[in-house]
Amino acid sequence: MSGPENTEHASAKAQAGAGGTADVETGHDYDGIREFDNPLPRWWLTTFYGTVIFAIGYWFYYHTAATGDSQMTTYQKEITAAQKEEDQKLQALEAQGKGVSEEQLLALSKDAAAVARGAAVFKQNCLACHGDRGQGVVGPNLTDRYFLHGAKAKDAYQVIGNGVLDKGMPAWRAILGAAKVQDVTAFVLELRGKNLPGKPAEGVAEDEAARAKP
Ligand code: HEC
């Protein structure tokens, strides 16, 4: 494109430029389109250098010194905090006797869907110590009616949730969350009385256990 229009446009720009800094031409002319060599606007440069300085600070804070948490760490901290909060609520409820009840747990052990979910949790987390069918390995046989920690559904729920840390039984509530602990408790309750051959019975028989822990 060339002609009077183009020239007019260029001179209009030159005039506008005259108010501040004068337009400088590079001397490049492409079919009548001429190139100016104007300085970048101050606001643009300020923003640009600002981002560079910010990036250096950001890099130092989050990467070199690693003072700041990464997005992943922040996320994990939030998740942990949320789980802890949920856990505390649950524990507070249980302390008031309003947590999951004996009846609810027994009902859950007859709920096929809950038992199936529990079986999956068991397969993933428990079989190494309790055997693939609960017959016991390092951990006790869960298919007999002898108990180390009580015969009630709530006893099983407590042991699974809180663990027996000095005996090598992990505390699962913090790992799995309350819902999965309920499901796996349902599965464990359902195993009882199957009397699969495995680890010899440990603890006390059911009636004794029930008597010991009314
Ligand atoms: C690292 C090994 C290990 C793993 C994994 C493990 N347990 Fe245990 N568990 C044990 C040991 C050991 C005991 C016995 C604790 C004791 O002697 O007081 C036990 C005890 C128990 C009891 C109490 C039994 C009783 O007689 O009172 C239950 C119920 C139980 N575990 C369920 C589970 C469930 C459900 C899981 C999976 C979510 C699980 N355990 C995973 C080792 C383990």
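The axes, which are lines fitted to C-alpha atoms over the stretch in contact, with angles running from 0 to 180 degrees between N-to-C directions, come within 7 Å and cross at roughly 95 degrees for helix α5 (residues 112-125) and helix α9 (residues 178-191). I note that helices here are DSSP runs (H or I, at least four residues), numbered from the N terminus.

This is a predicted model, in which local features need pLDDT of at least 70 and side-chain atom pairs count only at pLDDT 80 or more, while totals for chains, interfaces and linings use all residues. Residues are numbered from 1 along each chain as its sequence is written.

I then listed the contact (C-beta atoms, placed from the backbone, within 7 Å), and found A114, V115 and F122 of α5 and V184, A186 and F187 of α9 among its residues. Its residues divide into eight nonpolar, one polar and four charged, where Ala, Val, Leu, Ile, Met, Phe, Trp, Tyr, Cys and Pro count as nonpolar, Asp, Glu, Lys and Arg as charged, and the others, Gly among them, as polar.

Next I followed F187, which touches V115, G118, A119 and F122, leaving aside residues up to four places away in sequence.

Last, I checked the ligand, and of the 25 residues around the ligand (C-beta atom within 6 Å), C126, C129, G139, H149 and M169 come nearest. The shell divides into 18 nonpolar, six polar and one charged.

Notes
Helices (H or I, at least four residues) and strands (E, at least two) are DSSP runs, numbered from the N terminus. Two residues are in contact if their C-beta atoms, placed from the backbone, lie within 7 Å.
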